[in-house]
Amino acid sequence: MIRILRADMARLRKSTSFRLSLLGMLVLSILFMIMQATGMDYTVPLSRVIFLPMSMYGVAMAAFISVFVGTDFSDGFIRNKLLTADHRCNLVVSQIIVSCMGCLIIYIAITVFTAVVGRFFFEDNVNQAVFFRYFILGIGMSLVTGCIFSVITMLCGSKTTAILWCMGLAFGMLFLCLHTNEILVQTAYKNGAPNPRYVSGFRRELCGILHDLNPCGQAAQLSGWEVWHPVRELLFNCILIIGLPAVCCMLFRRKDIY
Amino acid sequence: MRKILCANFYRLRKDKFFWSAFLSLLALPVFISFISYQSNLGQDHDPIYVETVLFNLFPVIAFVCAVLIVLYLGTEFDENTVRNKLSVGHTRKEIYYANYLTCITFSLSLLLICLLSSGVAGYIFFRDFLLSRTRITFLILCCILCMMVFSAISVWLTMNIHRKSTALVATLLVMFAIMIFASYLEGVLEEPEMTYSSVTVTMEEVELGEQVPNPSYIGGTARTIMEFVFDMLPSGQAIQINNMNFDRCLRWPLLSVIMLAIITAAGYLPFRRSDLQ
């Protein structure tokens, strides 16, 4: 497994999809900063901008991982790896680790870039302790994103199918996040009267769980500088990071690689 | 070119993705109309008209057609069929335009089946029309031209990228980017010219301050340019059709034809000289 990991990390360093995803996210970060700096008639605080590029993180990572991991299947290289690997699970785990590393590198690069550049153009209202906590939560989010899309790609077995599923899921998660966020931000009272759009009870709890389970929902909370249930998010991230590779190992063991 | 067209349509008849999309777009509008009818039953909401249901799936069809075009044309590059076509004597022009016409035909067939299904389901559940027949016919023409532009963009990307997977990612990202850009322009253009200096909410009433110019409102030349770009983009037209906003619809067909000519030329010219590996 160490040899496969080393080979995949070397491939990641030279991967065009990784570089393009990183470049795309950097461009997005610059665009968002320009829009926030010029579009508002008040001084925008830095906290509004630091995690703003993460709103498109899911789509970018879906494109990167499906192409990067899918190339092994389209080139037939996966069969060579299976010959080298002691066990199919080693291959799955190494692939997931490399994908997560790629996602993590992009997340750290974009967040640090936005934080450093943003300090010159926005009002620095960021509390260091709060930023550190949110940064750690963002690491969890990026690892979960890497796990989800690499598992899907490994189980699809075909690059094109993997791209369709990963990008479709990324758009789906984004729209779900918008929907649940729209529900959760409604207040109980509006203009002094009960708000008809306010949802309470079990439905509110369910929306909250979906919002915290969804990596795009986590990104939305980070970009809004308000994480409602950080412990619950951490718990969900741990469950997904452990559970998804386990499920993938079970299913990949019986998969026909052609 | 006739032989390539015949071969393309024969392939299309057997394409499972096309038929899956065809059946989905036949059933989905009926399902959506039913859900809208059920949720509106007994509620004091705004009335729903047939046109609301008729055009509400239009942006979705654009995405579906973009994906289908990439899957359909990308297979030709992955399996080296394009080189075979060149070997037997067909010119690049014939290959490009045959593929172009095939893709536009199947996009329009999916659009028309969806409009037919939405129209029938909308009439069964809602009965009331908001617009005149002439206006609806004109808007359907706008949808057709807009769909042709979306298809031309997908054909342009797929025929010049030469790899199915890369073309798929590029097409989805481009479609997403133009949708997001059009949504941004819509948000900016919808800002009102005047706003209230203050809003005071009490238990009895809501007190509004005096009206002042809205600092977020963009006027003058900048607004004209933004409106032009918003109408020129096929995603802009799709959003306006979906939102039933027909203020500037009279110029949409002309702008769509201009975009179609530009994109067709932009697609064919690089393909003429590209290296088909």
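Two residues are in contact if their C-beta atoms, placed from the backbone, lie within 7 Å. By that rule, residues 24 or more positions apart account for 82% of the contacts in chain B with a separation of 6 or more. This is a predicted model, in which local features need pLDDT of at least 70, side-chain atom pairs count only at pLDDT 80 or more, and totals for chains, interfaces and linings use all residues. Residues are numbered from 1 along each chain as its sequence is written, while chains are lettered from A and ligands numbered from 1 in the order in which they are written.

Chain B has eleven helices and four strands, taken as DSSP runs numbered from the N terminus (helices H or I, at least four residues; strands E, at least two). Its C-alpha atoms fill a box of roughly 80 × 45 × 35 Å along the principal axes. Of its 277 residues, 33% count as buried, meaning that 20 or more other C-beta atoms lie within 10 Å of a residue's own; 12 or fewer make a residue exposed, and those in between are partly exposed.

Helix α11 of chain B covers residues 252–273. From first C-alpha to last, its 22 residues reach 33 Å, close to the 32 Å expected at 1.5 Å a residue, where the expected span is 1.5 Å times one less than the number of residues. W252(B), L255(B), S256(B), M259(B), I263(B), G267(B) and F271(B) are the buried residues of α11(B). Seen down the axis, these buried residues fall within an arc of 115 degrees, so they line one face of the helix; the arc is that of the directions from the helix axis to the C-beta atoms. Their cover includes α6 (92–126), α7 (133–161), α9 (220–232) and α10 (234–242) of chain B. Exposed residues on the other side of α11(B) include L254(B), I258(B), R272(B) and R273(B).

In chain A, helix α3 (residues 57–74) packs with helix α5 (residues 88–121) at an angle of about 145 degrees, their axes 11 Å apart. Axes are lines fitted to C-alpha atoms, for helices over the stretch in contact, and angles run from 0 to 180 degrees between N-to-C directions. On the α3(A) side, M61(A), F64(A), I65(A), F68(A) and V69(A) meet Q95(A), S99(A), G102(A) and C103(A) in α5(A). By class, this contact has six nonpolar, three polar and no charged residues (Ala, Val, Leu, Ile, Met, Phe, Trp, Tyr, Cys and Pro count as nonpolar, Asp, Glu, Lys and Arg as charged, and the others, Gly among them, as polar).
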